[in-house]
Amino acid sequence: MMKMRSDTIKKSVLVAVGVIENTDGEIFICRRGASQHQAYKWEFPGGKVEAGESVAQALARELAEEIGIAVRSCQPFMRIEHDYGDKQVILDIRKVTAFTGKPQGLEGQPSRWVPVTELHSYDFPAANSPIVDKLLTEAGN
Ligand SMILES: Nc1nc2c([nH]c(=O)n2[C@@H]2O[C@H](COP(=O)(O)OP(=O)(O)OP(=O)(O)O)[C@@H](O)[C@H]2O)c(=O)[nH]1
Ligand SMILES: [Mg+2]
């Protein structure tokens, strides 16, 4: 049998991520906590898809838990595979265009609405660059 370097095969984590847009065209972002992977980076809220869940179900659950909204409508936005070295992630990003409730950091995380054109001023995890680029392109910038 062929020998393989122990780091050749890595298990990827599937993550449901929500780009939440309000009627002013702003996007809701949160800051990750000290004990989390990619600590203190800003993020689009979301989390790991659990066994037996669809991405849409995971997104609805995570957004209810983390920021207290109920998703009413979401569409596929993009999918990004990224290797952080210590962790390999597959981000399945959905655009959330209708929801009920007022988004807030229910786990104590800082959060805010940001105009698309100001997203580049925030420090996001490296995997997120294509998300910010696509939002800017869509907004005509
Ligand atoms: N939610 C979220 N996760 C992201 C983004 N970008 C990105 O690389 N990730 C990575 O996706 C992975 C899983 O996300 P998560 O930590 O929110 O998962 P979770 O809510 O289930 O967290 P937990 O482990 O604290 O329960 C993390 O390694 C995180 O660094 C993003 O914009 N939003
Ligand atoms: Mg999370």
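Here are a few notes on this predicted model, starting with the annotated site and then turning to the loop and the strands.

1. **The annotated pair.** UniProt, in an unreviewed entry, lists G46 and E66 under "binding site". The two are spread over 21 residues of sequence, yet they cluster in space, with a largest C-alpha distance of 7.7 Å. Bear in mind that such annotations may be inferred rather than shown by experiment.

2. **G46.** Look for this glycine in strand β4, which covers residues 46-48. G46 counts as buried because 26 other C-beta atoms lie within 10 Å, and the cut-off for buried is 20 or more. Setting aside residues up to four places away in sequence, G46 touches V15, A16, V17, G18, L59 and E62.

3. **E66.** The other listed residue sits in helix α1, residues 55-67. E66 is buried too, since it has 21 C-beta neighbours inside 10 Å against that cut-off of 20 or more. Beyond its neighbours within four places in sequence, E66 is in contact with P45, L106 and E107.

4. Most residues other than glycine have a negative phi. Q38 has a positive one, near 60 degrees, and Y40 has a positive one as well, near 70 degrees. Q38 lies in the loop between β2 (26-31) and β3 (42-43), and Y40 is also placed in the loop between β2 and β3.

5. Y40 is exposed, because its count within 10 Å is 11 and exposed means 12 or fewer.

6. **β6 and its partners.** Strand β6 (residues 88-100) runs parallel to strand β1 (residues 12-20), and nine bridges join them. One handy landmark is I20, whose bridge partner in β6 is V96. β6 also pairs with strand β5 (residues 70-83), this time antiparallel and through twelve bridges.

7. **The turn.** Which residue in the turn between β5 and β6 has a positive phi? That is G85, at about 90 degrees. The two strands form a hairpin, with four residues between them.

Definitions and conventions:
Residues are numbered from 1 along each chain as its sequence is written. Chains are lettered from A and ligands numbered from 1 in the order in which they are written. This is a predicted model: local features need pLDDT of at least 70, side-chain atom pairs count only at pLDDT 80 or more; totals for chains, interfaces and linings use all residues. Two residues are in contact if their C-beta atoms, placed from the backbone, lie within 7 Å. Two strands pair if DSSP finds at least two bridges between them.
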